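Please walk through the model below with the coordinates at hand, moving from single residues to the sheet and back again.

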Amino acid sequence: GAVVYLSLEVSHGIRNRLAAFRKHHGIDEILPFVAMPQPVNLLDSAADVDAVIALVLHVAHVTNMPVSMVIIDTLSRAMAGGNENSPEDMTALIGNCDRIRHATGSHVCIVHHSGKDDAKGARGHSSLRAATDTEIEIKRDPELTISAVRIAKQRDLEAADPFQFSLKSIPLGTNRRGK
C-alpha cells in the first residue's frame with residue numbers, strides 16, 4: 001500500500017532520502033509515498049486530525065491503493081506544545097491517532113525519542129507505551145557505523161530477534177550551490 005509520512009522535523013532532506021532510495025533500488029517510477037513537511041497538531045482533536053484523515057483518503061484515491069501506513073515523525077512535534085508527561089495530553093494524542101487509524105484503516109507509526117536514561121525507554125507518560133502494539137528500539141553507538149534494532153514490546157505476536165544494520169550513503173550529484 002501507499003505511505004503517508006508526516007515529516008514534522010526533517011522537511012527538506014526527505015527529497016534526497018527518497019531519491020537515494022529510488023537510485024539504490026533501481027526504481028524509475030514514482031513511489032506511492034507522500035511526505036507532508038508541514039506542522040500538525042494531533043493533540044487537539046479540533047485542529048489537524050480531520051485534515052490528516054482527508055490527506056490519507058486523498059492519497060488512497062490518487063494512488064488507487066490503500067494507505068497502509070501513516071508515519072508521524074516525531075511525537076513531540078505532533079503534540080503542538082503539549083506535555084509528553086501529562087496523562088491528559090498523551091491520552092488525547094493517542095485518541096487522535098486512533099481516530100486516524102479507524103477512519104483510514106492505516107497502521108499509525110509514531111517516531112519517538114528515548115529519554116536521557118536509555119534504561120527507562122521512551123520519554124513521556126506511560127499511557128503511550130500501554131497503547132503501543134509494537135515498540136521498535138534503534139540504537140547506534142556514536143563510535144561505530146552499525147545500528148542495533150530490537151523489539152522492546154510486542155503485544156500479540158512473537159518478537160523477532162535483534163539485528164544490526166548500517167546506513168549507506170548514495171551519491172546523488174551536486175546541487176546548484178555546489179553541495
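Cys109 is partly exposed, with a relative accessible area of 26%, where partly exposed is the range between buried, under 20% relative accessible area, and exposed, over 50%, computed with a 1.4 Å probe and protein chains only. This is a predicted model, in which local features need pLDDT of at least 70 and side-chain atom pairs count only at pLDDT 80 or more, while totals for chains, interfaces and linings use all residues. Residues are numbered from 1 along each chain as its sequence is written, and side-chain values use heavy atoms, with hydrogens and water left out.

A search of the whole structure for disulfides, meaning pairs of cysteine sulfur atoms within 2.5 Å, finds 0. Cys97 takes part in no disulfide, and its nearest cysteine sulfur, belonging to Cys109, is 10 Å away. Cys97 is buried, with a relative accessible area of 7%.

The sheet comes next, with elements taken as DSSP runs numbered from the N terminus: helices are H or I runs of at least four residues, and strands are E runs of at least two. Four strands form an open sheet in the order 2-1-3-4 with parallel pairing, where two strands pair if DSSP finds at least two bridges between them. Strand 2 (33-36) and strand 4 (107-111) are the edge strands, each pairing on one side only. Neighbouring strands of the sheet are turned against each other by 15° on average, direction ignored; the axes behind such angles are lines fitted to C-alpha atoms, for helices over the stretch in contact, and angles run from 0 to 180 degrees between N-to-C directions. Strand 1 (residues 2-7) pairs with strand 3 (residues 67-73) in the parallel sense over 6 bridges, and the bridge partner of Ser7 in strand 3 is Asp73.

Two helices can now be placed on this sheet. Helix 2 (residues 49-63) lies across strand 1, strand 2 and strand 3 and runs at about 145° to strand 1. Helix 4 (residues 87-104) packs on the sheet, touching strand 3 and strand 4, and its direction makes about 145° with that of strand 4.

In soluble globular proteins, nonpolar side chains tend to be buried together. Not counting residues up to four places away in sequence, Leu6 touches Met36, Val40, Val52, Leu55, Val70, Ile71, Ile72 and Asp73, contact meaning heavy atoms within 4.5 Å.

Asn96 lies in helix 4 and is buried, with a relative accessible area of 5%. The side chain of Asn96 reaches the backbone oxygen of Leu43 at 3.2 Å. Thr74, found in the loop between strand 3 and helix 3, is buried with a relative accessible area of 1%. Thr74 and Glu9 are 65 residues apart in sequence and 6.8 Å apart in space, C-alpha to C-alpha, and their side chains are joined by a polar contact of 3.3 Å; a polar contact is a pair of N or O atoms within 3.5 Å, of which, within protein, one must be able to donate a hydrogen and the other to accept it, and residues adjacent in sequence count only if both atoms are side-chain atoms.
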